[in-house]
Amino acid sequence: PLIPPIFGTDESGWCTEWNPAMSKLTGLKREEVVDKVLLGEVFGTQKKSCCRLKNQEAFVNLGIVLNNAVTSQEAEKVPFGFFTGGGKYVECLLCVSKKLDREGVVTGVFCFLQLASHELQRALHVQRLAERTALKRLKALAYIKREIRNPLSGIMF
């Protein structure tokens with residue numbers, strides 16, 4: 001329980017690491033994803049992808065984050081979400097850093113996911129529901145305000 005979900009790629013983008021926590025989270029065994037292209041086969045927008053991303057924008061953003069990890073000095077942390085093999089949507093924080101050999105040559109990317117606790121996930125869900133309700137009420141109030149703007153419209157309302 002202390003080891004986070006971890007996955008990694010080589011310098012060509014092939015998935016080389018998929019730990020037991022990642023298998024438990026996604027429902028996909030290590031053998032199913034290792035030696036597949038991370039962007040497209042493992043994480044992609046197509047139905048045949050192991051872990052489907054919401055849209056093309058999420059796919060492009062993941063590619064940018066992985067590329068930035070290879071070219072920059074600092075590890076990057078970004079919000080990340082995907083659908084597991086069972087269809088459950090997972091929201092987390094993706095931490096990406098580059099892997100180096102002894103000579104300092106980049107040999108790939110190392111990624112781990114930080115998941116929110118169940119209590120935090122529940123609180124975020126309640127917050128999203130409250131925001132939707134507030135937005136609906138705001139729209140209704142804006143409509144009423146617009147309708148009673150001049151007296152005749154107010155009387156007709």
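**View 1. Lys54 lies over the face of Tyr89 in this predicted model.** The separation between Lys54 and the ring centre of Tyr89 is 4.7 Å, where a charge is taken to sit over a ring if NZ of Lys or CZ of Arg is within 6 Å of the ring centre and within 35 degrees of the ring normal. Residues are numbered from 1 along each chain as its sequence is written, and side-chain values use heavy atoms, without hydrogens or water. As the model is predicted, local features need pLDDT of at least 70 and side-chain atom pairs pLDDT 80 or more, whereas totals for chains, interfaces and linings use all residues.

**View 2. Phe7 and Phe43 form one of the 7 aromatic pairs in the structure.** The ring centres of Phe7 and Phe43 are 5.2 Å apart and their planes stand at 45 degrees, which makes this a tilted pair (Phe, Tyr or six-membered Trp rings pair with centres within 6.5 Å; planes under 30 degrees apart are stacked, over 60 edge-to-face, the rest tilted). Because Phe7 belongs to strand S1 (residues 6-10) and Phe43 to strand S3 (residues 43-44), this pair ties together parts of the chain that are 36 residues apart in sequence (helices, H or I of at least four residues, and strands, E of at least two, are DSSP runs numbered from the N terminus). Phe7, with a relative accessibility of 1%, counts as buried, and Phe43 is likewise buried, its relative accessible area being 0% (buried is under 20%, exposed over 50%, partly exposed in between, with a 1.4 Å probe and protein chains only).

**View 3. Phe43 also pairs with Phe82, with the ring centres 5.4 Å apart.** The planes of Phe43 and Phe82 stand at 80 degrees, so this pair is edge-to-face. Phe82 lies in strand S5 (residues 76-83) while Phe43 lies in strand S3, so the contact between them ties together parts that are 39 residues apart in sequence. Both partners, Phe43 and Phe82, are buried. Taken with their neighbours in this view, Phe7, Trp18, Phe43, Phe80 and Phe82 form one aromatic cluster.

**View 4. Asp35 has a positive phi, near 70 degrees, although this residue is not glycine.** Most residues other than glycine have a negative phi. Asp35 is located in the loop that runs between helix H2 (30-33) and strand S3, and with a relative accessible area of 60%, Asp35 is exposed.

**View 5. Ser49 is a buried residue, situated in the loop between strand S3 and strand S4 (51-52).** The relative accessible area of Ser49 is 7%.

**View 6. The protein is assigned two stretches, domain 1 (6-115) and domain 2 (117-156).** These bounds come from an automatic or database domain assignment. When the centres of domain 1 and domain 2 are taken over C-alpha atoms, 38 Å separate them.
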